[in-house]
Amino acid sequence: MILLTAALLLAAAGPEPDLDAVRAATEKYRDIKGATAEGYIRDPMNMCETAEIMGRPAELGAMGIHYFRPDLLGITAPPSPRVSGSGTHTDFLKPAILIYEPQADGGLELVAVENLVFEASWKRAGNSAPPTFHGVAYDHMVDDPSTKADEAHMFEPHFDRHVWIYRENPNGVFAQFNPKVSCAHHKAHGH
């Protein structure tokens, strides 16, 4: 009965968008003004995320600078001590997070989109498995307090999925990090 119910819900929701549809829906965010006009805000910590910062091998590459929609993530308060939210948004036609690479001229180039759901909220909504996109489970991110790195980048335990539709990624379209993305110009402009 549970499997039948899940199958009916998936059928009612329709098929997941393909990557071309996600690209078409997010093209307007290539200009950062389009993103901020729709409520995306820059990560207040102004981090340009790299694999190394998160305790992973540097050769995996970087993510970049995150712009997010607090309403889609269900974030209603400052970190205490970590960022937490109540959202369960997984629609990639309207991603909760946009990822930009800092450029030499001080501009930002959109390289990927991302959705993130907090583990506690996801489970409270009745889900026992992580969300998926195109059959690929979201990555599970939890900080390991025994390491110097912050593997969950100041967030409560969560599931996230990156989709590299604006920058080819040798690690794969759904990988967390991209070796073709750099944070080299982030500090060069005093960010």
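**View 1. Thr50 and its contacts in a predicted model.** Thr50 touches Gly61, Ala62, Phe177 and Cys183, leaving aside residues up to four places away in sequence; a contact means heavy atoms within 4.5 Å. Thr50 sits in strand β2 (residues 48-50). Strands (E, at least two residues) and helices (H or I, at least four) are DSSP runs, numbered from the N terminus. Thr50 has a relative accessible area of 18% and therefore counts as buried. Buried means under 20% relative accessible area, exposed over 50%, and partly exposed in between, with a 1.4 Å probe and protein chains only. This is a predicted model: local features need pLDDT of at least 70, side-chain atom pairs count only at pLDDT 80 or more, and totals for chains, interfaces and linings use all residues. Residues are numbered from 1 along each chain as its sequence is written, and side-chain values use heavy atoms, without hydrogens and water.

**View 2. The ring pair of Tyr29 and Tyr40.** The count of aromatic pairs comes to six. Rings of Phe, Tyr and Trp (its six-membered ring) pair if their centres lie within 6.5 Å; planes under 30 degrees apart count as stacked, over 60 as edge-to-face and the rest as tilted. Tyr29 and Tyr40 are edge-to-face, 5.1 Å centre to centre with 65 degrees between the planes. The pair links distant parts of the chain, 11 residues apart. Tyr29 lies in the loop between α2 (19-26) and α3 (32-37), Tyr40 in the loop between α3 and β1 (41-42). Both Tyr29 and Tyr40 are buried.

**View 3. The ring pair of Phe92 and Phe133.** Phe92 and Phe133 form a tilted pair: 4.3 Å centre to centre, 40 degrees between the planes. Phe92 is in the loop between α4 (70-73) and β4 (97-102), and Phe133 is in strand β6 (residues 132-133), 41 residues apart. Phe92 and Phe133 are buried. Ring pairs link Phe92, Phe133, Tyr138 and Phe174 into a cluster.

**View 4. The second largest pocket.** This pocket has a volume of about 390 Å³. On a 1 Å grid over the protein atoms alone, a pocket is an open set of points where a 1.4 Å probe fits, with protein on both sides within 12 Å along at least five of seven lines; lining residues have an atom within 4 Å of a point. The lining has 20 residues, and Asp43, Met45, Val83, His153 and Phe155 lie nearest the centre. β3 (62-68) and β5 (108-118) each supply at least two lining residues.

Terms used. Grid points are joined across faces, edges and corners, and a volume is the space filled by probe spheres set on the points.
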